[in-house]
Amino acid sequence: MDNPNNRMVAAGRLENAPMLSHEVMHEPFYAGTLLVKRLSGAVDKIPVTIPGKLLPPEGDPAGKLMLFQGQVRSYNKVVDGAGRLMVTLFVQSMCETSENETLNKVSLTGALCKPPIYRTTPFGREIADILLAVNRAFRKSDYIPCIAWGRLARYAQNLSMGDMISISGRMQSRIYEKTLPDGSVMEKTAYEVSIGSLEKNQEVTV
């Protein structure tokens, strides 16, 4: 089902054969990891959820350059005894392609769930963390972490909870270190939309 408030298109290669994740109304869904190149040569590892009916019957799509279209979705999962927000590309169509390995575009319209968190890195880079609630069918919403940089971060810090905004950018994976209560450090991965453009909406998009 098309949702103008939530669209993603990306080209990349599945790291491994998708594995059965769950079933809904007897329909199987498969999970995998999509490898998408950046212009810099770095690779984003993006979780994907694929309805079984979309998987090609002729063989494993892993390793092939594929074009995926769908939506950015989120769900809660218990990890190490604590609830964690998981983000995935929910695939609505997929096909083989032969070009543009760096294609990775996301467009979202939604409401801010909480005030943006503005900060600067030790190297002086300005960042604003945003959590965006994007409506979908059947009165459900996806809560999507986003990150703004530089002048966009400065603009975002003046936004308020409940503001409707439209953004475009790319989905990225980012490795960071978390210090545990016992002082040890664990390496973790964050999945978020890196914002390329942002504007505040005057009216709610239905």
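Which side chains meet in a salt bridge at 3.3 Å, N to O? They are E101 and R13. A salt bridge here is a side-chain nitrogen of Lys or Arg within 4 Å of a carboxyl oxygen of Asp or Glu. E101 sits in the loop between β6 and β7 (104-112) and R13 in strand β1 (residues 6-14), so the contact ties together parts that are 88 residues apart in sequence.

The model is predicted: local features need pLDDT of at least 70, side-chain atom pairs count only at pLDDT 80 or more, and totals for chains, interfaces and linings use all residues. Residues are numbered from 1 along each chain as its sequence is written, and side-chain values use heavy atoms, with hydrogens and water left out.

E101 is partly exposed, at 27% relative accessible area; R13 is partly exposed too, at 31%. Partly exposed lies between buried (under 20%) and exposed (over 50%), with a 1.4 Å probe and protein chains only. R13, K37 and E101 are linked in a network of salt bridges. The structure holds 11 salt bridges.

Another one joins K53 and E27 (4.0 Å, N to O). K53 is in the loop between β4 and β5, E27 in strand β3, 26 residues apart. K53 is exposed at 67%, while E27 is partly exposed at 25%.

Now the hairpin. Strands β8 (residues 117-120) and β9 (residues 126-136) pair in the antiparallel sense over 4 bridges. Strands are DSSP runs of E, at least two residues, numbered from the N terminus; two of them pair if DSSP finds at least two bridges between them. I117 has D129 in β9 as its bridge partner. The hairpin has 5 residues between its strands, and G124 in the turn has a positive phi of about 85°.
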